[in-house]
Amino acid sequence: MKKIMLIGSTGCGKTTLCQRLTGQEERYKKTQAIEVVGGAAIDTPGEYLDRKGLFTALIVTAVEADLVLFLQAADDSRFLFAPGQCGAFSVPAVGVVTKTDLASPEAARQAEELLKLAGAGQVFRVSARTGQGMEELKAFLEQEDPLP
């Protein structure tokens, strides 16, 4: 798997998705600092996106990753990514709509469109809790060159 960095607002499911992708036991924990998980993923606190002054730390950290995942929870009406924000990173970015089991198909579609507006070249819909869409995302990340 390529080394990935997960970015999203507080509570969007970054840590849960990270645990599922790296084969760790799923357990809730509040991410307080940027963490490397299993050598394959960089989990980031939601506050780094929520508080615009901390966003530069994400840009700097992304140089350690092969791919950035922009996460948007399907059940969250807030959208904190700016149009074209993926372009701020030196590595490619894809979008991941999380918590699809908690929202309507229309809400998931809306989240996908917003991630595309932010510049995500490809968008996946997943539920880390039910496993929906996880195999497709994992297969994409396992590809030799998963970049869009």
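**Entry 1: a loop residue**

I started with K99, which is partly exposed because its relative accessible area is 25%. My cut-offs: buried is under 20% relative accessible area, exposed is over 50%, and partly exposed is in between, with a 1.4 Å probe and protein chains only. K99 sits in the loop between β5 and α4. Its phi is near 60 degrees, a positive value in a residue other than glycine. Most residues other than glycine have a negative phi.

I noted the ground rules here. The model is predicted, so local features need pLDDT of at least 70 and side-chain atom pairs count only at pLDDT 80 or more, while totals for chains, interfaces and linings use all residues. Residues are numbered from 1 along each chain as its sequence is written, and side-chain values use heavy atoms, with hydrogens and water left out.

**Entry 2: the sheet**

I looked up the strands next. Helices (H or I, at least four residues) and strands (E, at least two) are DSSP runs, numbered from the N terminus. Two strands pair if DSSP finds at least two bridges between them.

In what order do the 6 strands lie in the open sheet? I read β2-β3-β1-β4-β5-β6, with mixed pairing. The edge strands are β2 (35–37) and β6 (123–125), and each pairs on one side only. Neighbouring strands are turned by 30 degrees against each other on average, direction ignored. For angles, axes are lines fitted to C-alpha atoms, for helices over the stretch in contact, and values run from 0 to 180 degrees between N-to-C directions.

I then went to β5. It runs parallel to β4, and 6 bridges join the two. Q72 stands opposite V97 in β5. On the other pairing, 3 bridges join β5 to β6, also parallel. There G95 has V123 of β6 as its bridge partner.

Is β5 enclosed or open to the outside? I found 6 of its 6 residues buried, so β5 is largely enclosed by the rest of the structure. A93, G95 and V97 point one way, and V94, V96 and T98 point the other way.

**Entry 3: helices on the sheet**

Contact here means heavy atoms within 4.5 Å. Helix α1 (residues 14–21) lies across β1, β2, β3 (41–43), β4 and β5. It runs at about 155 degrees to β1. Helix α5 (residues 134–142) also packs on the sheet, touching β1, β4, β5 and β6. The direction of α5 makes about 145 degrees with that of β6.

**Entry 4: the cores**

A nonpolar core is a set of buried Ala, Val, Leu, Ile, Met, Phe, Trp, Tyr and Cys residues joined through side-chain atoms within 4.5 Å. The largest has 24 residues. Which of them touch the most other members? They are M5, I7, V68, F70 and F89. Elements giving two or more residues to this core include β1 (4–8), β4 (67–73) and β5 (93–98). Helix α4 gives the most, with 3 residues.

I checked the contacts of V68, leaving aside its neighbours within four places in sequence. Among them are M5, I7, F89 and V94. A second, separate core has 20 residues, including I4, L6, L17 and M134.

**Entry 5: aromatic rings**

Rings of Phe, Tyr and Trp (its six-membered ring) pair if their centres lie within 6.5 Å; planes under 30 degrees apart are stacked, over 60 edge-to-face, the rest tilted. I found 5 aromatic pairs in the whole structure. F70 and F89 have ring centres 5.7 Å apart and planes at 85 degrees, so the pair is edge-to-face. F70 is in strand β4, and F89 is in the loop between β4 and β5, 19 residues apart. F70 is buried at 0% relative accessibility, and F89 is buried at 8%.

F79 and F81 are edge-to-face too, because their centres are 5.6 Å apart and their planes at 65 degrees. F79 is partly exposed at 22%, whereas F81 is buried at 5%. Ring pairs link F55, F70, F79, F81 and F89 into a cluster.

**Entry 6: cysteines**

I counted 0 disulfides; a disulfide is a pair of cysteine sulfur atoms within 2.5 Å. C12 is buried, at 1%, and C18 is buried, at 1%.
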